[in-house]
Amino acid sequence: MEHTDEKTAGTETPSIGYGRPHQDGAVLDLFTSWAHRTPDAPALIDGDRAYGYAELDRLADTVAEALRGKVGPGDLLGVCLGHSVSLAAVTLAAAKLGAVHLPLGPRPGEHRLRAVAEQLRPACLVGEPGLLPPGGERLELDLPTGGVVAALSSGEQVPVPPGTQYAVLTSGSTGTPKAVAVTEPAFGALLQWYRELTGLGPGERHGLLIGVAFDPHLMELWGGLTSGAALVVAPEAVRWDTGALTDWWREAGITVAVLPTPMAEPVLGRPWPAGLALRHLTIGGDRLRRAPGPDVTATVHNAYGPAEATVTTTVHSMAPGGDHGAGAPPIGLPIDGAVLLVTDEDGRPVPRGTAGELRIGGRGLAAGYLDPELTARRFVDAPAGLVGTDRVYRTGDRVAMRPDGVLEFHGRLDDQVKVSGVRIEPAEVEAAFERDPRVHRAVVAAGQAPAGGARLLAFVRAEDGADPAALLDAARPWLPEQAVPSAVRLVERFPLDANGKVDRQALLAEATAAGGADDDPVDEGSTPVERTVLKLCRELIGHADLRPQDNFLAAGGNSLAAARLLEALENEYGVRLRAPLVLRQPDLRAVARLIEERLAALTA
């Protein structure tokens, strides 16, 4: 971290920024108001089925009545559902009961879900019967998607701060997820800002796409339902295919959308499609490396914010048709009610232009974690003279504030990394491997993927005869998709640095040097197309020894890698494939064959 002497620090403008005065905003009451004012207006559209505001309100009442007396104010209600009317109804029901919504996503992983149940002890989990942990009373909920049950717990849950609207899990350095508690006033103020930023209102259509377990999803869902707009559920294919995404925007008439950064960058890298109704596109979750081109017809908002500060803290808005430069856009200025400062290691503001740690205070600050000790470490007293907040959250992010108050993002100060836009603590991934009795120790390091972004590698010291693929399969259920390493390498020892700590960079260097240098020759494919597919997949997944008979998903491919593969293949051959078709192929040779068949048809 950079330093300045006291004389410089005292004479230059300190790195402190204040957002405009915030406006309080309701959450559930606004939805209820729209249900009375515009009962027949579409609240949620899923394929060919549209649900009006009044109809969705009745569904939420049905769920709330089924749970009343069993789930009450302050109780954690974990939701294991994907994007659907059932998800919206259960989310609204939690608010009607005064319960604390805990979004876990449709596939949180069996062991991860059990860990949540044991550590947080939520009063209720909602999801498919086979997904939920055994035991406890179960109620079948009357919902359109069917097969949804509530599993009730009689145990005592962890204490939750008063007034909490929702809790969301973030990656934890202790090897277990951290649960962040966000209050209704903080969330209501965020939604009020977001509605003003995007002009959301009746007649607008907002996409519902962000993964349910991640907090920007809540801004999507409640942003639409508190504005009188319609939420439109994204088809599964659009999460893998940027071409399908923009086609869906056009066909569904999407006017406001949110995208994770890794998904947005390929969209901005292509010619902007004609005929889109999209007016506002908010991007966040990772460093945005490209600005929108002059052909982009929507206002693009580069947003930054940790879950500990209620989804969004700063934003840099780029109007359509402008020249926004060739470099990475800044993360911008504080939103309404936010207080920002850039500090040295002792928590003192540094002069503008000097890099330091970003600390956040103000209206959007979360109540803390559901772990008081962790809260005390990361939510600390504000320095003397700071106005509008008595405490600040230490983000661990390295930023610099320009003379005009705009923030530029410089990276992380600690070992935490971002993979596919999601913050990952290597210690959590290591703990997942070390649950396996065959594993003596695991070290996870983040290296640069050949195609850009970060990839995780797991270095494991295990019992003789342990199979890396089997170790990865055992760890996978404990982890979200983005935290699953792209490869597992067995090691006999761990190199140490001068401080006696494991030298992760040395491990990465050894892995790079090892590459594909096995005794057996690497199969490079039998046709030009096979060789190209192998080359692209090796770069995207980070496996130098991928073979034609390997399966894309089993080899470590994920949604981001699939989207980039489809884009690269289209650029290379002019052949557009759909993600579901590619992912159904048994191996990479079959993927190459698909392309060869399309090329032959075009030639004919």
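Guide: Helix 14 and helix 17 are oblique to each other. This is a predicted model, where local features need pLDDT of at least 70, side-chain atom pairs count only at pLDDT 80 or more, and totals for chains, interfaces and linings use all residues. Residues are numbered from 1 along each chain as its sequence is written, and side-chain values use heavy atoms, leaving out hydrogens and water.

Visitor: Why are helix 14 and helix 17 called oblique?

Guide: The axes of helix 14 (residues 528-541) and helix 17 (residues 588-603) cross at roughly 130 degrees. Under 35 degrees counts as roughly parallel, over 145 as roughly antiparallel, 65 to 115 as roughly perpendicular, and the rest as oblique. So the pair is oblique.

Visitor: Which residues of helix 14 meet helix 17?

Guide: V529, E530, V533, L534 and C537 do, and their partners in helix 17 include L588, V591 and I595; contact means heavy atoms within 4.5 Å.

Visitor: What covers the buried residues of helix 17?

Guide: Helix 14, helix 15 (559-573) and helix 16 (579-583) are among the cover. The buried residues of helix 17 include A590, V591 and L594.

Visitor: What makes Q585 buried?

Guide: Q585 sits in the loop between helix 16 and helix 17. Its relative accessible area is 16%, and buried means under 20% (exposed is over 50%, partly exposed in between, with a 1.4 Å probe and protein chains only). Therefore Q585 is buried. Not counting residues up to four places away in sequence, Q585 touches N551, A590, V591 and L594.

Note on methods
Axes are lines fitted to C-alpha atoms, for helices over the stretch in contact, and angles run from 0 to 180 degrees between N-to-C directions. Helices (H or I, at least four residues) and strands (E, at least two) are DSSP runs, numbered from the N terminus.
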